[in-house]
Amino acid sequence: MTTVTNEVPQRTRIGWPRIVGTAAVAAVAATVVWLLWTAAGGVDLEVKSGSGAQQIGIGSVILSSLLIGLAGGALLRWWEGRSERGTRRWTMLAVAIALVSLITPTSALTVAAGLGLVSLHVVVAVVVIAGLRRR
């Protein structure tokens, strides 16, 4: 006699330790890039802000990297729990957001500052997307 069970496979969701760890790695990577551009390269990462300029400091780099990593991870976790294609959809959205974020460095005061800001955006995007997708 055979027993038939109606098992529904559980969707696996990314865990909070992985999300927090990825956000922390993104912040460290962004800090290293910021230090390379500012301390080693001597570039002032400044953007136009109203009628003046705003310096992009290490605090804002760390905080924004952490927030992006945590928000991205929370969205991925939520989407994975609701859809079989949650990871794929999240990846497409994350890449689109990363590409749109590359508009903001166009307000840099110098070409070097713009390149520095682009590299910060790319490093954080790569770390967050690759870190949260990898299983």
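Here are a few worked exercises on the predicted model above.

Before you start: residues are numbered from 1 along each chain as its sequence is written, and side-chain values use heavy atoms, with hydrogens and water left out. In this predicted model, local features need pLDDT of at least 70 and side-chain atom pairs count only at pLDDT 80 or more, while totals for chains, interfaces and linings use all residues.

**Exercise 1. Work out where serine 65 sits, whether it is buried or exposed, and what its side chain reaches.**

Step 1: find the element. Serine 65 belongs to helix α2, residues 58–82 (helices are DSSP runs of H or I with at least four residues, strands are E runs with at least two, and both are numbered from the N terminus).

Step 2: check accessibility. Serine 65 counts as buried because its relative accessibility is 3% (buried is under 20% relative accessible area, exposed is over 50%, partly exposed is in between, with a 1.4 Å probe and protein chains only).

Step 3: The serine 65 side chain reaches the backbone oxygen of valine 61 at 2.7 Å.

Step 4: list the contacts (heavy atoms within 4.5 Å). Skipping neighbours within four places in sequence, serine 65 is in contact with Ala23, Ala26, Ala27, Ala30 and Val124.

**Exercise 2. Describe the largest nonpolar core, then zoom in on leucine 45.**

Step 1: get the size. The largest nonpolar core has 24 residues, and those with the most contacts inside it are Leu45, Trp90, Leu117, Leu120 and Leu132 (a nonpolar core is a set of buried Ala, Val, Leu, Ile, Met, Phe, Trp, Tyr and Cys residues joined through side-chain atoms within 4.5 Å).

Step 2: see who contributes. Two or more residues of this core come from each of α1 (16–40), α2, α3 (86–101) and α4 (111–133). The largest share, eight residues, is from α4.

Step 3: zoom in. Apart from neighbours within four places in sequence, the contacts of leucine 45 include Trp34, Thr38, Ile56, Leu117 and Leu120.

**Exercise 3. Characterise the largest pocket and its lining.**

Step 1: take the volume. The largest pocket comes to about 680 Å³ (on a 1 Å grid over the protein atoms alone, a pocket is an open set of points with protein on both sides within 12 Å along at least five of seven lines, and lining residues have an atom within 4 Å of a point; a volume is the space filled by probe spheres set on the points, which are joined across faces, edges and corners).

Step 2: read the lining. Of the 27 lining residues, the closest to the centre are Ser64, Ile68, Ser101, His121 and Val124. The largest share of the lining, eight residues, comes from α2.

Step 3: sort by type. The lining divides into 19 nonpolar, eight polar and no charged residues.

Step 4: follow up isoleucine 68, found in helix α2. Isoleucine 68 is partly exposed because its relative accessible area is 48%. Its C-alpha atom is separated by 12 Å from that of valine 25, 43 residues apart along the chain.

How values were computed:
A polar contact is a pair of N or O atoms within 3.5 Å; within protein, one must be able to donate a hydrogen and the other to accept it, and residues adjacent in sequence count only if both atoms are side-chain atoms. On a 1 Å grid over the protein atoms alone, a cavity is a set of points where a 1.4 Å probe fits but cannot get out, and a pocket is an open set with protein on both sides within 12 Å along at least five of seven lines; lining residues have an atom within 4 Å of a point. Ala, Val, Leu, Ile, Met, Phe, Trp, Tyr, Cys and Pro count as nonpolar, Asp, Glu, Lys and Arg as charged, and the others, Gly among them, as polar.
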